[in-house]
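This report looks at how the inside of one protein chain is packed. Have the sequence and the structure open while reading.

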Amino acid sequence: RSDAVGRQLLVYATYLGAQGDTQVSDKGDGNGDLGFGIAVDGNGEAFVVGQTYSATTTFPGSGSCGAFGQTNDQGASSTNVGFVSELNAAGNNVIYSCYIDGSSNATAARVALVPGCATNCKAYITGSTQSTAAQGFPVTGNAFQSDLGTKAKGFKSNAFLMVAGANGASDDYCTYYGGSGDGSNADAGLDVAVTAGGQAFIAGATFSADLTTVNPEQSAYHGGTNKTSNAFVAEFDPTLSGVNSLLYATYLGGGGQKITFPTTVAVGDIASGIALAAGKVWIAGTTGSTDFPVPGTSAPAFQSTNHAAASSGAPATAGFVSELDPSLSGSAQLVYSTYFGGNGFKIGGLIGTGDGAIDIAVNAGKVFIAGGTSSTAGFPLSTNACQKTDKSSGIFGSVPVTAFVAELDPTQQTPTNQLIFSTYLGGTGMGDLARQHRPRYVNRRPN
């Protein structure tokens with residue numbers, strides 16, 4: 001409330017979950033309930049998604065879900081499934097909770113609503129799962145991809161898009177999106193955005209060279225040499241069926257970086273945030289590539305190189321921001337693209353670390369990103385930054401990590417004029433990240 005002060009600012013705070021993994025042998029493993037994404041409708045009702053281990057104790061509101069999501073069919077007590085819940089505006093009642101099942105696990109990463117929806121809203125959810133349809137993942141008959149695409153290579157994860165009907169009464173659309181992976185890793189959906197017409201865009205990371213693409217900006221997977229991920233973007237129309245429901249899909253990324261001494265580390269590209277504006281698709285994320293596609297067509301990049309990799313060495317990362325126009329063809333779709341980061345940090349003179357953008361928002365042509373940085377030098381701070389020093393005491397051998405927030409104007413033709421605002425944001429603890437809890441890839445077999 002804008003007119004409130006002190007404790008009055010807190011409208012409500014509530015727990016959401018059950019007892020988690022109650023198996024005695026799993027005690028201490030921390031297998032409880034985690035929320036990863038939230039969206040709010042026009043009436044102030046919150047939609048929350050995440051993962052849960054609660055099976056022997058009922059997740060609150062699951063009895064009000066449609067039949068598809070009332071029970072948790074986890075294959076083992078140490079295996080999580082996803083969930084989606086809707087809370088009323090007062091926060092004192094769960095309208096429904098639905099399990100997103102699969103006996104070999106599932107994780108719901110983010111949720112979005114049709115813009116302006118005020119009541120009886122459908123929940124658009126993305127995430128990842130290792131569970132096949134036969135293992136209970138709630139894929140629908142109208143799905144673009146009807147089963148896990150990685151069965152030939154060890155049951156690694158695929159991304160998914162699910163549309164839960166109003167009040168959780170139905171599973172309107174649920175599809176896998178993924179390929180066969182690289183034998184160690186595969187695919188994950190990390191964010192979702194929805195158009196006014198109900199089409200859904202998902203973004204994430206892929207290790208698969210055989211993703212289905214439609215009118216792609218980048219038709220091929222570029223991470224094969226170093227076995228690193230590329231970002232991807234895919235658009236679905238849940239009112240259509242089968243192959244017709246995939247409207248657009250593209251890779252976006254470079255070759256990543258790899259070191260083999262003192263240990264093997266390979267880092268590629270991850271799209272962790274997505275936003276829609278004026279028919280364009282904006283994605284933000286983290287790239288380990290020194291050849292990430294940055295030459296946009298409307299304005300030059302704010303940064304044309306991965307500064308951390310150049311200064312601190314492999315496999316240091318930078319953030320990235322890219323704008324795509326799916327109405328165009330081929331490379332013309334990449335309207336704007338840039339690295340964003342500083343000089344990184346070198347661990348023991350051997351391993352470089354860097355920066356990453358985690359989330360993105362677009363308003364009136366301006367782009368806002370938030371993330372984390374280990375750069376104490378060279379990070380692009382604006383003159384009006386509210387915090388100009390990284391105060392972190394450091395993690396992983398004193399690597400400084402602090403959050404950052406930045407605003408860019410990509411319409412400016414002079415790169416230095418594109419930075420409107422940028423600041424560190426954090427304290428003296430071990431490390432801070434803006435929007436820290438991104439779910440990890442679900443790529444391991446359950447115990």
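## Buried rings, cores and a pocket

Phe-340 and Phe-379 are both buried. The model that shows this is a predicted one. The two residues form an edge-to-face aromatic pair, and this pair links distant parts of the chain, 39 residues apart. Phe-340 belongs to strand β18 (residues 334-340), while Phe-379 sits in the loop between β22 (366-373) and β23 (402-408).

The structure holds 18 aromatic pairs. Another of them joins Phe-59 and Tyr-99.

| Pair | Centre to centre | Angle between planes |
|---|---|---|
| Phe-59 and Tyr-99 | 6.3 Å | 65 degrees |
| Phe-340 and Phe-379 | 5.7 Å | 85 degrees |

Phe-59 lies in the loop between β2 and β3 (81-87) and Tyr-99 in strand β4, so their pair ties together parts that are 40 residues apart in sequence. Phe-59 has a relative accessible area of 2%, and Tyr-99 has one of 4%. Ring pairs also link Phe-144, Tyr-173, Tyr-177, Phe-232 and Phe-236 into a cluster.

The largest nonpolar core has 22 residues, and Val-84 is one of those that touch the most other members. Elements giving two or more residues to this core include β2 (46-52), β4 (94-100) and β5 (106-112). Beyond its sequence neighbours within four places, Val-84 is in contact with residues including Val-48, Tyr-96 and Ile-125. A second, separate core of 21 residues includes Tyr-124 and Phe-232.

The second largest pocket has a volume of about 380 Å³. Its lining has 16 nonpolar, 1 polar and 5 charged residues. Strand β9 gives the most to this lining, with 4 residues.

How values were computed
Residues are numbered from 1 along each chain as its sequence is written. This is a predicted model: local features need pLDDT of at least 70, side-chain atom pairs count only at pLDDT 80 or more; totals for chains, interfaces and linings use all residues. Side-chain values use heavy atoms; hydrogens and water are left out. A nonpolar core is a set of buried Ala, Val, Leu, Ile, Met, Phe, Trp, Tyr and Cys residues joined through side-chain atoms within 4.5 Å. Buried means under 20% relative accessible area, exposed over 50%, partly exposed in between (1.4 Å probe, protein chains only). Contact means heavy atoms within 4.5 Å. On a 1 Å grid over the protein atoms alone, a cavity is a set of points where a 1.4 Å probe fits but cannot get out, and a pocket is an open set with protein on both sides within 12 Å along at least five of seven lines; lining residues have an atom within 4 Å of a point. Grid points are joined across faces, edges and corners, and a volume is the space filled by probe spheres set on the points. Ala, Val, Leu, Ile, Met, Phe, Trp, Tyr, Cys and Pro count as nonpolar, Asp, Glu, Lys and Arg as charged, and the others, Gly among them, as polar. Rings of Phe, Tyr and Trp (its six-membered ring) pair if their centres lie within 6.5 Å; planes under 30 degrees apart count as stacked, over 60 as edge-to-face and the rest as tilted.
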